[in-house]
Amino acid sequence: MKLIIPLLLSIFCFQLVATSKPNFLFIVSDDLNTRIGPYADASLKIHTPALDRLATEGVSFKRAYCQYPVCGPSRAAFMSGMYPETNGVTNNSFETGNHKIASPDLADHPTFAGFLRENNYYTARVSKIFHMGVPGGIERGEAGSDDPDSWDFAANIMAPETLTPGELENLSRGLHYGSRFARMILPDDMDFTQADVLATNQAIAILENRANPKPEGATNRTKFKEEDPFFLAVGLVRPHVPLIAPERHFAHYPDDEVVLSSDTLADLEDVPERAASTSNQRRYQMNREEQKKSISAYHASISFMDEQVGRLLDTLDRLELRHDTVVVFISDHGFNLGEHTAWQKSSLWEESVRVPFIVSVPGMQTAGQRSEAIVELNDLYPTILELAGFANEAPDILQGESLVPLLKDPQTFDASDYAYTIVGQDGASIRTDRWRYSRWGEEVEGSNEELYDHQRDPRENDNLARNPAHAEELKQLRSQFESARVLARQKPKG
């Protein structure tokens with residue numbers, strides 16, 4: 001939750017046709033951290049040409065944060081525009097994985113896709129937007145926790161995942177393939193079997209349908225809401241485990257060139273017990289070779305996903321849709337790759353809660369710029385509504401704020417902004433311009449707090465919560481944390 005940024009009164013800088021509504025292509029990657037071209041240090045050499053291109057055509061938010069570093073709660077939060085504690089989705093349950101089911105009082109509150117559908121948009125979903133089992137559901141073509149009211153058309157993808165023919169190499173301990181590390185190097189000519197290729201094929205078919213007119217005089221059933229603009233949501237499941245990608249993408253990341261984090265178990269000595277629960281020693285038990293293979297496969301999966309983004313962008317250009325289509329790219333949360341000896345998600349460190357967030361609006365004068373403002377995925381809902389011309393009709397219960405002012409002027413910055421994130425039943429954190437404060441449980445002044453100074457410790461290795469020299473900063477951040485938590489737990493009126 002942030003202070004409201006005043007809307008600029010100058011002429012709107014996006015050159016959209018005033019008499020029409022823009023189309024939207026909304027792309028959600030799964031488990032993607034900011035180790036991608038537009039964000040990563042150049043030394044990492046991450047191969048993401050499509051996302052690099054999109055970043056030159058839009059504004060990249062360098063400090064964007066999810067509201068829960070797990071798929072289901074994060075997606076339910078940004079689709080509803082409400083914090084998890086408000087909308088009731090605080091785990092990966094399939095039965096209560098969207099706000100309408102988890103909180104019956106919100107049954108009439110639409111997602112932002114549902115809002116657009118109710119206001120003369122054609123809305124379509126392809127693959128994973130709400131939580132679904134990847135793996136453990138997508139192999140059966142399941143819809144997961146989807147909200148059917150959001151879509152005029154929804155396409156579930158049936159993909160083989162761990163059933164893909166080939167050698168699946170297990171790299172970590174554990175039984176559940178949705179949370180362990182395993183990789184498969186596919187022959188290049190077998191990429192067509194994979195979820196993201198199948199999803200992109202379907203999305204391209206939808207774009208063809210929306211772009212091309214019916215044959216003159218045709219009376220057959222070819223289109224629905226044919227005069228309306230479209231909102232197309234495409235869920236790409238990589239780089240979620242299992243880490244499956246074609247040989248051409250693994251070629252960018254030889255195992256022996258992977259550099260592992262230098263963090264050791266000693267780095268966990270000053271953090272709460274709960275914060276250390278995702279360490280390699282406690283959960284994955286990978287040796288150095290397995291860790292290198294996991295990182296190589298993760299990066300190969302990113303490049304495979306990026307290839308599909310490129311296909312979508314190329315299709316917009318080919319069909320001459322790009323001039324009136326807003327493109328939004330996000331991930332549902334970040335991902336640890338050995339920092340703090342932690343792996344995957346479910347932590348409150350920067351690597352797990354920070355996400356890529358790129359917005360490209362046709363004709364924007366700020367294309368290619370990067371914003372340092374602290375923003376949240378909750379801000380998606382009001383941003384998309386304002387870009388669609390519905391700022392004044394946005395539901396009053398939204399807990400995010402429109403980023404349109406930052407799209408106009410990415411260098412606008414309010415030092416009082418913060419992002420709020422929770423995980424599990426007891427973890428919560430706020431990220432301010434300079435500080436991260438996290439608490440595990442309700443007690444204070446104990447061993448359950450973390451305080452990091454990003455000005456001098458951007459990797460969050462030195463927990464200052466027990467350092468008397470920072471008692472005043474700790475006191476102020478505790479107060480700010482409590483205020484943020486009160487706002488994030490507010491229940492809608494009525």
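Colleague: Why is Phe 329 called buried in this predicted model?

Modeller: Phe 329 has a relative accessible area of 0%. Buried means under 20%, so Phe 329 counts as buried.

Colleague: Where is Phe 329 found, and what does Phe 329 touch?

Modeller: Phe 329 is found in strand β9, residues 325–331. Leaving out residues up to four places away in sequence, Phe 329 touches Ile 27, Ser 29, Leu 32, Leu 51, Leu 54, Met 305, Val 309, Pro 356, Phe 357 and Ile 358.

Colleague: Which residues of helix α1 are buried?

Modeller: In α1, residues 49–56, the buried residues are Ala 50, Leu 51, Leu 54 and Ala 55.

Colleague: How do you know where the buried residues of α1 lie around the helix?

Modeller: Viewed down the axis of α1, the buried residues fall within an arc of 140°, so they line one face of the helix. These buried residues pack against β2 (59–65), α9, β9 and β13 (357–360).

Colleague: What makes α6 roughly parallel to α9?

Modeller: The axes of α6 (residues 195–211) and α9 (residues 288–318) cross at roughly 10°. Angles under 35 degrees count as roughly parallel, so α6 is roughly parallel to α9. The two axes also come within 10 Å.

Colleague: Which residues meet where α6 contacts α9, and of what class are they?

Modeller: On the α6 side they are Asp 196, Val 197, Thr 200, Asn 201, Ala 203, Ile 204, Leu 207 and Glu 208. On the α9 side they are Phe 304, Met 305, Gln 308, Arg 311, Leu 312, Thr 315, Leu 316 and Arg 318. By class, this contact of α6 with α9 has eight nonpolar, four polar and four charged residues.

Colleague: What makes β5 and β8 edge strands of the open sheet?

Modeller: The sheet has three strands in the order β5-β6-β8, with mixed pairing. Each of β5 (169–170) and β8 (243–246) pairs on one side only, and these are the edge strands.

Colleague: How do you know that β5 pairs with β6?

Modeller: Two bridges join β5 to β6 (residues 182–186). Pairing needs at least two bridges, so β5 and β6 count as paired. The two strands run antiparallel. Asn 170 has Ala 182 in β6 as its bridge partner.

Colleague: Which strands of the sheet does α9 touch?

Modeller: α9 packs on the sheet and touches β5, β6 and β8. The direction of α9 makes about 60° with that of β8.

How values were computed:
Residues numbered from 1 in each chain as written. Predicted model: local features only at pLDDT ≥ 70, side-chain atom pairs only at ≥ 80, totals over all residues. Heavy atoms only, no water. Axes fitted to C-alpha atoms, helices over the stretch in contact; angles between N-to-C directions. Helix = DSSP H or I, 4+ residues; strand = E, 2+ residues; numbered from the N terminus. Parallel < 35°, antiparallel > 145°, perpendicular 65-115°, else oblique. Contact = heavy atoms within 4.5 Å. Nonpolar A, V, L, I, M, F, W, Y, C, P; charged D, E, K, R; others polar. Buried < 20%, exposed > 50% of the residue type's maximum accessible area, 1.4 Å probe, protein only. Arc of directions from axis to C-beta.
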